[in-house]
Amino acid sequence: MIINEMYREKLHNPVTGETLYVLDSTEDVFRIEFVIDPNSEIAAEHIHPSQQQTIHVIEGALGCRINGQMRFLGVGQSASIPAGSAHFQWNPTDRYARAIEEIRAAGKAHNFFRVLFALAREGHTNSKGVPKPLIGAAFAAEFKDFVRAKSLGLRLLFSVLGPVSNVLGYREVIRRYIHTFEQEDIDQTPVISFLETPAADPEYTKSVAPLTTGRVSS
């Protein structure tokens with residue numbers, strides 16, 4: 001899918017304070033404008049097994065940890081994260097940080113962020129933005145080719161809970177999110193069903209009931 005220049009999808013994570021504006025989304029590249037609130041951080045240190053990521057700061061500053069090496073990027077500075085590298089990002093300042101980020105090859109990047117941010121909005125993550133165990137196991141299985149947690153403990157937890165999560169229907173919940181987003185792409189309507197809709201953004205006022213199976217409690 002290629003994003004029309006008049007259609008900039010906005011994804012917001014109210015738990016981590018991240019906002020993404022999708023600039024380009026194809027099989028080859030996922031390019032976004034990334035904004036993170038002051039003194040905030042992404043959900044967890046992680047690895048993209050076969051994707052390379054680049055970050056270019058255009059406002060404020062970002063802290064990055066790449067394979068254990070700490071870097072602080074100011075305006076005009078960039079970082080490249082090779083495939084298979086553990087990395088983490090945060091905003092260490094009292095100002096908003098803004099960057100252009102690009103992931104190649106894109107794989108499931110677009111739906112990964114859509115679903116993760118939807119789970120955060122609907123209360124299915126912990127205070128750090130990591131999906132809760134049962135739905136997290138389904139989420140990790142669905143996106144294992146795109147992202148993996150660095151934490152061995154978290155990976156083991158999701159692996160052990162995987163069969164139980166499937167039996168309880170959590171994998172189907174994840175796939176229903178994806179199906180809904182992909183249908184909205186076909187319809188070429190703004191994807192706002194599961195997004196943060198602050199009063200300051202009057203164009204994001206449509207309200208759609210969240211997806212559940214009646215069993216999602218983790």
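Student: Hmm, and what should I do with coordinates where pLDDT is low?

Tutor: Where pLDDT is low, the predicted coordinates should not be read in detail.

Student: What is the mean pLDDT of the chain, then?

Tutor: The mean pLDDT of the chain is 86, and 82% of the residues reach 70 or more.

Student: OK, how many helices and strands are there?

Tutor: The chain has four helices and eleven strands, and of its 218 residues, 50% count as buried. Its accessible surface comes to about 10400 Å², with 53% of that area belonging to carbon and sulfur atoms.

Student: Which strands does E10 pair with?

Tutor: One of its partners is E3, which pairs with E10 in the antiparallel sense over seven bridges, and another is strand E5, residues 52-59, which also runs antiparallel to E10 and is joined to it by seven bridges.

Student: How many salt bridges does the count come to?

Tutor: The count comes to twelve salt bridges. One of them is formed by Lys128 and Glu41, whose side chains meet at 3.7 Å, N to O. This pair also links distant parts of the chain, with Lys128 in the loop between helix H1 (109-121) and helix H2 (133-142), Glu41 in the loop between E3 and strand E4 (46-47), and 87 residues from one to the other.

Student: Are Lys128 and Glu41 buried, exposed or partly exposed, and what are the values?

Tutor: Lys128 is partly exposed, with a relative accessible area of 48%, and Glu41 is partly exposed with a value of 34%.

Student: What about Arg104, which residue does it bridge to?

Tutor: Arg104 forms a salt bridge with Glu102, with 2.7 Å between the closest N and O atoms. Arg104 counts as partly exposed at 42% relative accessibility, whereas Glu102 counts as buried at 19%. Salt bridges that share partners join Asp24, Arg31, Glu102 and Arg104 into one network.

Student: Is the peptide bond from Arg104 to Ala105 cis or trans?

Tutor: That bond, from Arg104 to Ala105, is cis, with omega near -10°, and Ala105 lies in the loop between E10 and H1. As a background rule, most peptide bonds are trans, and most residues other than glycine have a negative phi.

Student: Which residues have a positive phi here without being glycine?

Tutor: Among them is Asn39, with a positive phi of about 55°, which lies in the loop between E3 and E4. Another is Asn67, with phi near 50°, placed in the loop between strand E6 (62-66) and strand E7 (69-73). Asn67 is partly exposed, with a relative accessible area of 49%.

Student: Switching to the inside, how many residues does the largest nonpolar core have?

Tutor: The largest nonpolar core has 50 residues, and those with the most contacts inside it are Phe113, Val115 and Ile174. The largest share of this core, eight residues, comes from H1.

Student: And which residues is Val115 in contact with, leaving aside its neighbours within four places in sequence?

Tutor: Val115 is then in contact with Phe139, Phe143, Ile174, Tyr177, Ile178 and Phe181. For the chain as a whole, among contacts between residues at least 6 apart in sequence, 70% join residues at least 24 apart.

Technical notes. Residues are numbered from 1 along each chain as its sequence is written. This is a predicted model: local features need pLDDT of at least 70, side-chain atom pairs count only at pLDDT 80 or more; totals for chains, interfaces and linings use all residues. Side-chain values use heavy atoms; hydrogens and water are left out. A salt bridge is a side-chain nitrogen of Lys or Arg within 4 Å of a carboxyl oxygen of Asp or Glu. Helices (H or I, at least four residues) and strands (E, at least two) are DSSP runs, numbered from the N terminus. Buried means under 20% relative accessible area, exposed over 50%, partly exposed in between (1.4 Å probe, protein chains only). Two strands pair if DSSP finds at least two bridges between them. Contact means heavy atoms within 4.5 Å. Accessible areas come from the Shrake-Rupley method with a 1.4 Å probe; for residues, only the protein chains shown count as cover. A nonpolar core is a set of buried Ala, Val, Leu, Ile, Met, Phe, Trp, Tyr and Cys residues joined through side-chain atoms within 4.5 Å. pLDDT is the predictor's confidence in each residue, from 0 to 100.
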